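User: Could you walk me through how some of the labels for this structure are reached?
Analyst: Happy to; let's set each value against its definition.

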Amino acid sequence: MGEERYRLEDFEVYRCARDFRKKVYRLIKLLPQEEKYGLASQMRRAAVSVTNNIAEGHGRWHYQENIRFCRISRGSVKEIRDDLNVCEDEGYGEMGLILELRNDAAVLMKKINGYIAYLRNSKQGLDE
């Protein structure tokens with residue numbers, strides 16, 4: 001019963017990150033063939049890093065470890081944000097999708113930052 005309570009798939013920050021990753025993959029499919037091993041590969045690794053690190057942190061029972069993985073995830077979101085700039089600058093993909101992803105990145109950053117704040121407060125016993 002306790003394990004079911006903490007299902008990763010029910011975790012709001014993870015669900016948001018997973019949706020973000022799916023949209024990044026949609027954009028990757030629109031990149032030109034010459035970017036298959038460059039930008040596309042980099043974006044894929046960063047997008048997977050976002051969800052992987054949230055998942056790994058979620059699986060840790062120590063606040064500081066969880067926060068560390070959330071920070072790594074946050075850095076990967078920023079990395080993708082820069083990749084979106086590259087896509088815009090080079091005319092890759094659909095501008096509507098790029099703008100949507102920028103907005104989604106901002107929302108995801110707020111959720112990750114909020115979760116980090118919650119973890120810090122929990123660690124200090126302030127969330128009671």
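Analyst: A polar contact is a pair of N or O atoms within 3.5 Å; within protein, one must be able to donate a hydrogen and the other to accept it, and residues adjacent in sequence count only if both atoms are side-chain atoms. The model is predicted, so local features need pLDDT of at least 70, side-chain atom pairs count only at pLDDT 80 or more, and totals for chains, interfaces and linings use all residues. Residues are numbered from 1 along each chain as its sequence is written, and side-chain values use heavy atoms, leaving out hydrogens and water.

User: What makes the pair of Arg15 and Asp10 a polar contact?
Analyst: A polar atom of the Arg15 side chain lies 2.7 Å from the backbone oxygen of Asp10, and the limit is 3.5 Å. Arg15 also touches Glu9, not counting residues up to four places away in sequence (contact means heavy atoms within 4.5 Å).

User: Why does Arg15 count as partly exposed?
Analyst: Its relative accessibility is 39%, so Arg15 counts as partly exposed (buried is under 20% relative accessible area, exposed over 50%, partly exposed in between, with a 1.4 Å probe and protein chains only).

User: Why is α3 called roughly antiparallel to α4?
Analyst: Helix α3 (residues 39–58) and helix α4 (residues 63–90) pack at about 160°, with axes 8 Å apart. That makes α3 roughly antiparallel to α4, as angles over 145 degrees count as roughly antiparallel, under 35 as roughly parallel, 65 to 115 as roughly perpendicular and the rest as oblique.

Technical notes. Axes are lines fitted to C-alpha atoms, for helices over the stretch in contact, and angles run from 0 to 180 degrees between N-to-C directions. Helices (H or I, at least four residues) and strands (E, at least two) are DSSP runs, numbered from the N terminus.
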